[in-house]
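Subject: Handing over a structure

Dear colleague,

Please read the notes with the structure open beside them.

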Amino acid sequence: MVDATPKARTEVRDRNFDPRLPQRRRKALIVRGLFFMATVFGLLVLMVLMIDVVAKGFSWLDWGFVSNFPSRNPEEAGIKSAIVGSLWMMGLTALFAVPVSVGAAVYLTEYANRGWFYNLIQLNIANLAGVPSVLYGILGLGLFVRFMALERSILAGALTMTLLIMPILIISAQEALKAVPQGIRESAYALGATRSQVIWSHLLPIAAPGIMTGIILSLSRAVGETAPLIMIGALTFIAFLPESVMDPFTVLPIQIFNWTSRPQADFQEIAAAAIVILMIFLFLMNLSAISLRNHFERNRPY
Amino acid sequence: MSRTPLRSLQTNVYNSPKERVVQFVLGACAVATVLTLFGIAFVLLGESFQFFSNVNVLDFLTDTEWTPQFVEKHYGIWPLLSGTLLVTLIAAFVSVPIGVASAVYIAEYAPASARRVLKPGLELLAGVPTVVYGYFALTFVTPLLQRFIPDLQIFNALSAGIVVGIMIIPMIASLSEDALRAVPRSLAFGGYALGATKLEVVTKIMVPSALSGIIASFILGLSRAIGETMIVTLAAGATPRLTANPMESIQTMTAYIVQVSLGDTPAGSIAYQSLFAVGLMLFLITLGLNVVANKVIRRYKENY
């Protein structure tokens, strides 16, 4: 096929063939640099953001800021009720979301026949994960605040957050369950275990680290969410600690939103201080999830 | 162990009542997700129905003014829609090139050691709460831009759009990276064997092969931008205006929803019901984009 005469070789030099190798290599190197800069851009922004909030908020960070209730006077304002509200919200959301989501994931990976029903639920979960969070707030307003008459309580907020994080949680729990080798199921069935025994004593313990990672990541999403809680009406000046799940509440992101949207510079600076606290908390959660995942990826039991 | 009574070998333990109860309860959990989507649609449709019995659907879709607070009330969705599209467009300009370039770098160039730092870094960026991004847009990006563009208003679509774009970079990057990784390596090796440079392999073989997945990542990213709430509420303003000028204060659909629920609009009034009509519009747009994107992703997963 190949004609090696010099005449034929010159004919190959059409526009699709570019033999200037040094130039092409140089171009490849420059573009590689551009790709690298694009990747680092996101991390740079994250650094700038952190430096900015620490610079603005650092002078406001003291014990009084963590232990005071909100106030009209920025000097006295604190985030005690917001921190307690966020913890309540996280605990209750985990309590509701984890069993239902893990149950749904187990059903989908272990029980459901791969048919129209399975496809419908999978498609539905993928679509739910893309619904804007503010619309979950509207659902919470219509369903929990109004219809179930829970008013603007922690319970209504936590139920709304549960619906919000369930798709993420189900997807990650399914991934964890699918990663369990088929042989483990088969050997358990071979010894006469029933389906629920296989799930309870083999699949869930083996998939637990993966499920835990998903739980931590989705809860950190719930802690940072603002819009759905504004919709159900959590934006209030709360100068007391909630005593039951039916009490009104505020959370850190809502306190930050409230202070940021005020024109006074002092309030914007205490918003920065509250952001520092929120970000430290979220970084710790994210880091623990990432290191949990890395740890178990390195030390797989099978 | 020996205490366990021997079960008759005739009993079918696999279909015992207990097993069936477990299956039923787990199945109910899965069905709960379907009910969530129906619940959202039901709440939105119910209140929107009230709204559209007071406001003509045609006016809603064609009027170019949105003035629910004025004496002369207009309920035309276009100013809110244009505000949303303006912010989304700016976000796309920021996130699409940077997101794809990051995906290409992480999937094709980065050594394993760099990848171990870069991927968690992008995950951290994805974990920043949107209210923090909103703070950043209002108190850092806007003053920074005002140094170069003196006419820039305090609330403007530009800085909100840029920050929304930064927010969706990790999403586009990680979905595009998945798409690039799904392309068989043999295609790249074929390119190298023909004497292509790395850049040529990436731009002429890998990216075109992964194109459907990359486009799906754009669609999902933009749907996220359309539904983004806190950044635009804090930084883009509360002035519904039919404009393409990114220097001005505008209002997006999501920001309007928040504004109504923050204010003391009495429940049952038309202004209150308009919240649900705008929400329905938002729901239909984002759901449509998601359905399309998920279809595309499903198709490319089948191809390889």
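This is a predicted model: local features need pLDDT of at least 70, side-chain atom pairs count only at pLDDT 80 or more; totals for chains, interfaces and linings use all residues.

Helix 2 of chain A and helix 3 of chain B are roughly perpendicular to each other (a term for angles of 65 to 115 degrees), because their axes cross at roughly 110°. These axes, lines fitted to C-alpha atoms over the stretch in contact, with angles from 0 to 180 degrees between N-to-C directions, come within 8 Å. Helices here are DSSP runs of H or I with at least four residues, numbered from the N terminus; the two in question span residues 21–57 of chain A and residues 78–109 of chain B.

The contact, in which C-beta atoms placed from the backbone lie within 7 Å, includes Phe35(A) and Phe36(A) from helix 2 of chain A, and Tyr105(B) and Tyr109(B) from helix 3 of chain B. Its residues divide into 11 nonpolar, three polar and one charged, where Ala, Val, Leu, Ile, Met, Phe, Trp, Tyr, Cys and Pro count as nonpolar, Asp, Glu, Lys and Arg as charged, and the others, Gly among them, as polar.

Between the chains as a whole, 70 residues of chain B are in contact with 70 residues of chain A, and helix 1 of chain B (residues 17–54) gives the largest share of chain B's side, 17 residues.

Residues are numbered from 1 along each chain as its sequence is written, with chains lettered from A and ligands numbered from 1 in the order in which they are written. The mean pLDDT of chain B is 87, and the model scores ipTM 0.88 and pTM 0.88.

Best wishes

Definitions and conventions: Angles under 35 degrees count as roughly parallel, over 145 as roughly antiparallel, 65 to 115 as roughly perpendicular and the rest as oblique. Two residues are in contact if their C-beta atoms, placed from the backbone, lie within 7 Å. pLDDT is the predictor's confidence in each residue, from 0 to 100.
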